[in-house]
Amino acid sequence: MWDVAAITFRRLSDWAGNDGLARWIGEDRFVYLSDREDDTINLYRRSTEDGATPVRLTPFKGEDIHWFSTTADGRRAIVAAWDALYAVDLTANGPNAVRLAFTASDDGLDDEQRKSIARDATEAAISPDGQTMAIVAYGDVWVRGTADRSTPRRLTDGIGRESDIAWSADGLTLYFASDREGHESIYGAKVERTREEVRERTEERLKPKPAEAPAPEAAPEAADKPADTPAEAPAADAPKPEEKPAQQADDQKGDKKDAKKDDKKDDKKKKDPALDPARWADAITFSIEPVVQTEHLDTRPTPSPDNTRLAFRRGNGDLVVMHLETKEEKVIASGFDASIEFRWSPDSKLIAYAMDDRNFNSDIW
């Protein structure tokens with residue numbers, strides 16, 4: 001304790017271990033933390049008189065108090081021990097601590113943080129049509145349109161680590177490697193739904209249905225008609241026989257126009273939206289399927305320009321080609337070089353690769 005008037009220090013604690021974090025609770029009393037008993041940091045109270053005996057106020061064994069706070073009147077304290085808070089009566093003459101129960105719901109956003117991935121991308125690949133960019137950031141795959149103000153969409157979200165992104169030549173599939181199942185495998189992602197498709201579907205469902213025409217009323221019986229109008233008499237404005245050919249010509253023209261409209265509708269139905277690579281730029285949901293999933297480590301997917309085969313690295317350095325339709329695999333080159341590089345020729349007939357030999361000399365084959 002520091003005496004301001006006398007400009008002197010006076011030692012209050014002489015325990016050979018750790019005493020500290022003293023707080024005043026009166027004119028001549030204070031509380032502090034000490035590990036003098038049970039090899040555990042507990043809360044103690046004592047007076048400033050020489051030789052005063054400290055009084056233990058908390059009963060913890062094996063769980064240290066790492067912080068505490070006292071009330072202004074010096075009668076109570078809140079202590080933090082391990083993962084809980086306790087209320088302590090500082091006027092008591094023995095250990096006491098009441099665990100506080102918190103029943104309020106937690107904030108659901110406490111475990112979330114908005115982050116920009118713009119400066120944390122480790123890989124990036126532009127789609128063949130130039131309208132979409134795929135990105136790997138924080139071990140997940142993201143896609144976003146290259147147009148201004150496009151919104152990034154998260155393609156993968158899990159404990160797996162994704163890498164080695166590559167677009168198919170037609171721009172419909174995005175390949176990547178992932179260890180989501182405990183070992184490296186190759187997956188392919190496709191667009192499942194776009195914003196525009198959701199918008200059109202919603203508008204279609206919200207569109208009011210056309211009112212149904214009322215059913216024609218039954219013709220009244222002849223007995224209900226006026227006596228001067230025969231039941232079978234034709235209407236006065238009924239068309240004459242000679243007027244039918246002109247009417248038929250107009251009807252035929254209308255039929256042709258309707259037929260053309262129907263043909264256009266049929267063509268539109270036949271066109272599969274899944275074959276449009278531009279959907280990636282507007283995509284909101286995706287489908288992901290395993291392409292190569294074995295007990296080996298399969299990485300570096302590289303689709304051929306004709307979209308029929310997929311080259312990839314297996315293990316420490318084997319170069320493998322798989323036919324995407326038949327799933328038939330062929331080892332092109334065996335090696336131990338994990339940094340093997342390979343490229344398809346434009347006609348998909350050749351693969352050029354660079355690989356270290358056993359003398360760590362790299363050649364192109």
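How many salt bridges does the structure hold? The structure holds 16, a salt bridge being a side-chain nitrogen of Lys or Arg within 4 Å of a carboxyl oxygen of Asp or Glu. The model is predicted, so local features need pLDDT of at least 70 and side-chain atom pairs count only at pLDDT 80 or more, while totals for chains, interfaces and linings use all residues. Residues are numbered from 1 along each chain as its sequence is written, and side-chain values use heavy atoms, with hydrogens and water left out.

Arg195 pairs with Asp282, with the closest N and O atoms 3.3 Å apart. Arg195 lies in helix α1 (residues 195–206) and Asp282 in the loop between α2 (244–270) and β18 (283–292), so this pair ties together parts that are 87 residues apart in sequence. Helices (H or I, at least four residues) and strands (E, at least two) are DSSP runs, numbered from the N terminus. Arg195 is partly exposed at 22% relative accessibility, and Asp282 is partly exposed at 25%. Here buried means under 20% relative accessible area, exposed over 50%, and partly exposed in between (1.4 Å probe, protein chains only).

The side chains of Glu197 and Arg279 also meet in a salt bridge, at 2.8 Å from N to O. This pair links distant parts of the chain, 82 residues apart, with Glu197 in helix α1 and Arg279 in the loop between α2 and β18. Glu197 is partly exposed at 25% relative accessibility, whereas Arg279 is buried at 11%.

Elsewhere, Glu37, Asp38 and Arg56 are linked in a network of salt bridges. Asp157 forms a salt bridge with Arg154, and their closest N and O atoms are 3.6 Å apart. Asp157 is exposed, with a relative accessible area of 65%, and Arg154 is partly exposed, with 39%.

Arg154 leads on to a pocket. The second largest pocket has a volume of about 380 Å³. It is lined by 10 residues, of which Glu112, Gln113, Arg114, Lys115 and Arg154 are the closest to its centre. On a 1 Å grid over the protein atoms alone, a pocket is an open set of points where a 1.4 Å probe fits, with protein on both sides within 12 Å along at least five of seven lines, and lining residues have an atom within 4 Å of a point. The volume is the space filled by probe spheres set on the points, which are joined across faces, edges and corners. By class, the lining has four nonpolar, one polar and five charged residues; Ala, Val, Leu, Ile, Met, Phe, Trp, Tyr, Cys and Pro count as nonpolar, Asp, Glu, Lys and Arg as charged, and the others, Gly among them, as polar.

Phe9, found in strand β2 (residues 8–9), is exposed, with a relative accessible area of 70%.

Asp39, in the loop between β4 (29–37) and β5 (40–47), has a positive phi of about 50 degrees although it is not a glycine. Asp39 is exposed at 72% relative accessibility.
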